[in-house]
Amino acid sequence: MDGATNMAVDEAVFRGRQAGTSPPTLRFFAWRPPTVSIGYGQPLGRDVDVGACQRFGVGIVRRPTGGSAIYHDGPERELTYSVVAQADDLGIGPDLLDTYRWIARALVRGLRALGADVAMVPERPPDGPVPAFCFARTGVYEIEVAGRKLVGSAQRRQAAAFLQHGAVLLDVDAPMVHAVFPTTRDPLATLTTLAATIGRRPGFAEVADALAAAFGAEHGLDLRPGGLSEDESERVETLVRERYAAPAWLVAPA
Amino acid sequence: MRVGITAFAQEQLGDVVFVELPKVGARVTAHQAFGVVESVKAVSDLFAPVTGEVVEVNPELASKPEIVNQDPYGKGWMLVVQPADPGEWDGLLTSQQYEEFLAQDAH
């Protein structure tokens, strides 16, 4: 799906969970065409080369979540997960970091099953200003290998309901990342990929299966495959039209 | 009534990097979202404590969102709202009552 639809689906499920009409949801998805997503309040033109995106056929979308920009390659090089729940669904409190940690535990288990020697970033004081490029810095409970970021995550909250999504790098198109983030001096220095970590590039389905199994095993979940409900599909249509595909939203949120 | 977020909320969120607020003249509704605060950890909806009209918006927050962290009960205020029903005050907690509530909740 394109960027606008992907973000509309995540928000539709999130709004549905708040309203009590959607179940807690774990979703894995890919981006077609490849898309740069920017954080909720991130200025568009400052950090992303919009002209380069247009030349290379790369979409751009503003996320409902915070954080810095990400280049989402197609399904051969990237998988995005999203989790929508109320804190009560997970049997934990509404503390923000608790939900990050709950998700990170499952991601660590799944990525280790694929052979990647990943670790959860421990709590520590923040270091300096927020970078333009998401993979330029790891936050607490994000996933890294030997100090280099493998999964970049961001969260949206309304009271105890939250949406968290994050990009898992299977591989990286280095020239493209340089082209779309010209203000980031060496965007590859701080990141790593599954291909670099395990010595081969795993397929999208293989990674999705491993992560789903890990969420189930780590937290004792009974995951049931499903599509969007009628209610969710209606929200998606509205959100694409009025928000995520609207030029005004891309310029600034409101 | 001056509206902002609590010391607990800013601590949970971490460094605030962006605040989106309604304009003067807008109407806010008790317990409904009126804006958004973004931190390094999350984007979170802001909820109105009372129903009323926005009569002032903190002009500093657009360029200096970090004052929400530095002084949530002072310089980091967000809106001034003219409450439609002054009786709604009665349902609110002082910062001290809220801290007592949090302390109970933690046990």
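In this predicted model, chain B holds an open sheet of four strands in the order β1-β7-β6-β3, with antiparallel pairing. Strands here are DSSP runs (E, at least two residues), and helices are runs of H or I with at least four residues, both numbered from the N terminus; two strands count as paired if DSSP finds at least two bridges between them. The edges of the sheet are β1 (2-3) and β3 (27-28) of chain B, each of which pairs on one side only. Two bridges tie β1(B) to β7 (residues 79-83) of chain B in the antiparallel sense, and R2(B) has V80(B) as its bridge partner in β7(B).

As for the ground rules, residues are numbered from 1 along each chain as its sequence is written, while chains are lettered from A and ligands numbered from 1 in the order in which they are written. Local features need pLDDT of at least 70, side-chain atom pairs count only at pLDDT 80 or more, totals for chains, interfaces and linings use all residues, and side-chain values use heavy atoms, with hydrogens and water left out.

Chain A has an open sheet too, this one built from three strands in the order β3-β2-β4 with mixed pairing. Its edge strands are β3 (59-62) and β4 (70-72) of chain A. Strand β2 (residues 35-38) of chain A runs antiparallel to β4(A), joined by three bridges; V36(A) finds its bridge partner in Y71(A).

Now to where the chains meet. There, 16 residues of chain B are in contact (heavy atoms within 4.5 Å) with 22 residues of chain A. The two chains bury about 1,400 Å² between them, 53% of it on carbon and sulfur atoms; buried area is the accessible area (1.4 Å probe) lost on putting two parts together, summed over both. Q12(B), K41(B) and V43(B) supply 35% of what chain B buries against chain A, more than any other three residues.

The rule finds two salt bridges across this interface, a salt bridge being a side-chain nitrogen of Lys or Arg within 4 Å of a carboxyl oxygen of Asp or Glu. One pairing of this kind links the side chains of D45(B) and R156(A) (2.2 Å, N to O). On the chain B side, the elements giving two or more residues are α1 (7-13), β2 (16-20), β4 (33-39) and β5 (42-47). Of these, β5(B) gives the most, with five residues.
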